[in-house]
Amino acid sequence: MIKARITVTLKNGVLDPQGKAIEHALSGLGFDGVGAVRQGKVFDVELAESDRAKAEADLKAMCDKLLANTVIENYSVTLT
Amino acid sequence: MKTAVVLLPGLNRDRDMIAALTKISGQAPATVWQTDTEIPDVDLIAIPGGFSFGDYLRCGAIAARMPVMRAVAEKAAKGVMVIGVCNGFQILVEAGLLPGALMRNTSLKFVCRQVKLEIANANTMFTRRYQPGQIIRSPVAHHDGNYFADAETLARLEGEGQVVFRYAEGTNPNGSINDIAGIINEQGNVLGLMPHPENLIEAAHGGSDGRALFEGALGIAA
């Protein structure tokens, strides 16, 4: 079995009002010097697969087809 | 004129859409379920508003991958009119039938109010009963209506008249780029909009500004 972590983040230039709100909240808690905060998503996926190259290709296909909206989001896949 | 309404778990404006289409077309729409792979021969397919699949992952993302949406895409490719309202709009962009994406409102708040819309293109099957530049009223109710498209897509939409509805008179409720409230595809048969014209079709609604959209699409006399 292969375990993987997929990280989905907003592309540069796409406004992130939620990240902005978190940024303000952190400042409000007294954490000085907080720069930009961008919010994203993490998916931990288990695959019944032993071929790592095949697993990586499948995971990228999953991102393109469902897990990320590539109009606004980037993704990265890490096998663990 | 025959119509069909797409049903998905979590939608909640489906009965409003069915009521509006029944009243305006004179016959009840066919209903198709998420797992249906065939849609009957109709002139207009409507995807109503709501929270399909609980808005999990992204609004409309799961619904857009259901079998019924492949059937909608096939019908759209054949020129059948498709209208997606609110969650229906989100589903259409997630399905790739319309460009861009709908993101969280910049206010981070769910907005439920009446807005003003400018008819930015009155030369579509859906807006031909309105005047160019006409301002109409429409209710909105959504959390993720902030339309976004990259600069190239946006320029194309604006240049080709694919922006059909724009929030007017400072009523943009969600931060949508260029005040975009609704867009149409290149072929002119697939329309998506965040506002709910089906909720303003008769005096009991407090107005009928949305009625002409359906009358125009269905070719029914006012």
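Q: How do you know that strand S10 and strand S11 of chain B pair?
A: In this predicted model, three bridges join strand S10 (residues 180-184) of chain B to strand S11 (residues 190-193) of chain B. Pairing calls for at least two bridges, so these strands pair. They run antiparallel, and B:Ile184 stands opposite B:Leu191 in S11(B).

Q: What makes strand S2 and strand S7 of chain B edge strands?
A: Both belong to an open sheet of nine strands, ordered S2-S1-S3-S4-S11-S10-S9-S6-S7 (chain B), with mixed pairing. Strand S2 (30-33) and strand S7 (135-142) each pair on one side only. From one strand to the next, the twist averages 25°. Chain B has eleven strands, and five helices as well.

Q: Why does the radius of gyration of chain B agree with a compact globule?
A: For 222 residues, a compact globule would have a radius of gyration near 17 Å, and chain B has 16 Å, so the two agree. Its C-alpha trace spans about 40 × 40 × 30 Å along the principal axes.

Q: How many residues of chain A are in contact with chain B?
A: Nine residues of chain A are in contact with ten residues of chain B. Helix H1 (residues 17-28) of chain A gives the most to the chain A side, with three residues. That side has seven nonpolar residues, two polar and no charged.

Conventions
Residues numbered from 1 in each chain as written. Chains lettered and ligands numbered in written order. Predicted model: local features only at pLDDT ≥ 70, side-chain atom pairs only at ≥ 80, totals over all residues. Helix = DSSP H or I, 4+ residues; strand = E, 2+ residues; numbered from the N terminus. Rg over C-alpha atoms; globule rule 2.2 N^0.38 Å. Contact = placed C-beta atoms within 7 Å. Nonpolar A, V, L, I, M, F, W, Y, C, P; charged D, E, K, R; others polar. Axes fitted to C-alpha atoms, helices over the stretch in contact; angles between N-to-C directions.
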